[in-house]
Amino acid sequence: MAEQQSDKKSPDVTSSEYQGTATMEKITSLAKRRGFVFQSSEIYGGQSGAWDYGPLGIELKNRIAGSWWKEMTQLQDDIVGLDSAILMHPRTWEASGHVENFTDPLVDCKKCKARFRSDMIPEADLAAKKCPECGGELTDIRKFNLMFKTQIGAAEDTASIIYLRPETAQGIYVNYKNIIQSNRMKIPFGIAQIGKAFRNEIVTKNFIFRTCEFEQMEMQFFVKPGTDDEWFDEWKKRRWAYYEKLGVKMDHLRWHQHGPDELAHYAKDAYDIQYLFPMGWRELEGIHNRTDYDLGRHTQYSGKDMQYIDQDNNNERYIPYIVETSAGLTRNVLMILCDSYDEEQVADKGNEDDWRTVLRFHPNLAPITVAVLPLMKKDGLAEMAQDIRRELKEDFATDYDQAGAIGRRYRRQDEAGTPFCITVDYQSKEDGTVTLRYRDSMEQVRVPKAELAAKLREEIKNYQRAK
Ligand code: GAP
């Protein structure tokens with residue numbers, strides 16, 4: 001299917017096109033050190049293809065999801081949300097074509113038992129059936145279905161086989177008539193959903209880029225046949241504009257149209273938005289014209305009429321076409337980490353070192369918006385700082401840190417991507433002002449305590465990325 005094929009034969013190294021300071025090693029190590037992402041089941045040696053989101057990671061993931069949700073529901077007049085179950089009737093996946101078509105070509109080494117996707121082996125090795133790792137003999141290519149299969153209920157017979165969903169989209173299709181009826185939706189309209197998806201990926205590498213358990217943010221837009229090309233172009237525009245609004249480096253984004261050998265079995269046309277990750281250009285999101293394929297197949301397999309009845313147009317009946325926008329949430333987390341990562345030589349006095357690692361998150365995405373730091377623990381400064389934090393925490397994600405030299409504390413917040421630090425010092429006790437320090441410029445200004453919340457709100461609203 002589309003996603004698997006788009007980065008075949010891609011080496012797991014820093015691409016020559018990538019000019020930034022991030023590498024996958026640095027991102028992975030920072031993510032662990034600062035509690036963004038940990039390897040799953042690490043004490044048992046780790047579970048490949050699965051990752052745990054730590055305190056900063058879950059905040060970042062939630063904010064990315066929140067920003068997508070706002071964009072795709074609150075700001076759209078004609079899109080509603082859904083949260084459908086991961087477990088669906090197994091016929092769903094026969095109808096969707098996943099049982100038959102959702103496969104990767106697989107080969108095994110008879111000697112070292114390593115397993116490869118055949119399209120990721122150098123052509124000469126594949127032709128000679130030679131293992132690229134030990135030189136042993138490779139098996140013939142066979143189709144390997146990426147869906148995780150398990151059993152439901154106590155009986156271990158075939159009737160109880162059930163799949164973990166490999167995409168969230170099907171939960172939307174099977175509910176589309178319920179939503180038309182319950183919410184009086186009229187075509188054109190959309191349904192948005194964020195949720196987990198599972199794929200038994202043969203190759204999982206590059207940290208959280210391709211995993212077996214991941215999250216998707218998908219929106220299915222139902223349109224009248226014949227208007228689908230127009231809506232497809234419209235959704236391409238809207239999704240591009242979304243990343244611009246998010247403050248992503250736009251020269252790190254590009255379009256990739258699927259060629260005939262890349263198109264998924266359901267797609268008439270498909271474009272990926274690719275991002276320039278340290279390892280090169282990779283798919284971030286797909287926009288697909290899925291035609292009436294899915295609803296047509298569900299009609300056939302369920303025996304239910306999936307036609308739309310256009311009551312404003314002489315009860316005209318048709319199976320809608322679907323334009324899908326499908327983004328990886330966990331892949332967006334990786335994109336935002338890479339996009340924000342910076343190393344900078346700094347010359348601000350009072351700091352022990354002159355290099356800093358900084359995550360330049362948009363304040364709307366930053367896990368911590370503002371950190372409150374007393375210059376000293378003594379002389380009532382800590383109490384005053386705690387009072388300020390208490391006042392701010394109703395409206396902002398806050399942190400409090402009184403441990404170590406102030407320069408070190410700024411560095412810790414820079415690495416966590418905190419856009420604002422408030423420092424309480426001796427002058428604060430005298431005149432009620434505090435220092436507001438900007439992460440990006442490291443500039444510091446004095447602000448009266450009472451004006452802090454308004455000042456922060458204004459700064460967040462007017463935030464412009466400097467680099
Ligand atoms: N419903 C259509 C669909 O699932 P896809 O291109 O296979 O299309 C959509 O996947 C998005 O989901 C991708 O652009 C990617 O961001 C994300 N994705 C797919 N497989 C993934 C994996 N194994 N790990 C992390 N994200 C993945």
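## Ligand contacts

A nitrogen atom of the ligand lies 2.8 Å from a polar backbone atom of Thr211, a polar contact being a pair of N or O atoms within 3.5 Å. This is a predicted model, in which local features need pLDDT of at least 70 and side-chain atom pairs count only at pLDDT 80 or more, while totals for chains, interfaces and linings use all residues. Residues are numbered from 1 along each chain as its sequence is written, and side-chain values use heavy atoms, with hydrogens and water left out.

Strands here are DSSP runs of E with at least two residues, and helices are runs of H or I with at least four, numbered from the N terminus.

Of the 20 residues around the ligand, those that come nearest are Glu167, Glu201, Thr211, Glu218 and Glu283, where a residue counts as near if one of its heavy atoms lies within 4 Å. By class, the shell has eleven charged, five polar and four nonpolar residues; Asp, Glu, Lys and Arg count as charged, Ala, Val, Leu, Ile, Met, Phe, Trp, Tyr, Cys and Pro as nonpolar, and the others, Gly among them, as polar.

## The largest pocket

The largest pocket has a volume of about 410 Å³, and the residues that line it include Arg63, Lys70, Glu71, Tyr242, Lys245 and His362. On a 1 Å grid over the protein atoms alone, a pocket is an open set of points with protein on both sides within 12 Å along at least five of seven lines, a cavity is a set where a 1.4 Å probe fits but cannot get out, and lining residues have an atom within 4 Å of a point. Points are joined across faces, edges and corners, and a volume is the space filled by probe spheres set on them.

With five residues, α3 gives the most to this lining, which by class has four nonpolar, four polar and four charged residues.

Conventions:
Polar contact = N/O pair within 3.5 Å; in protein donor to acceptor, adjacent residues only side chain to side chain.
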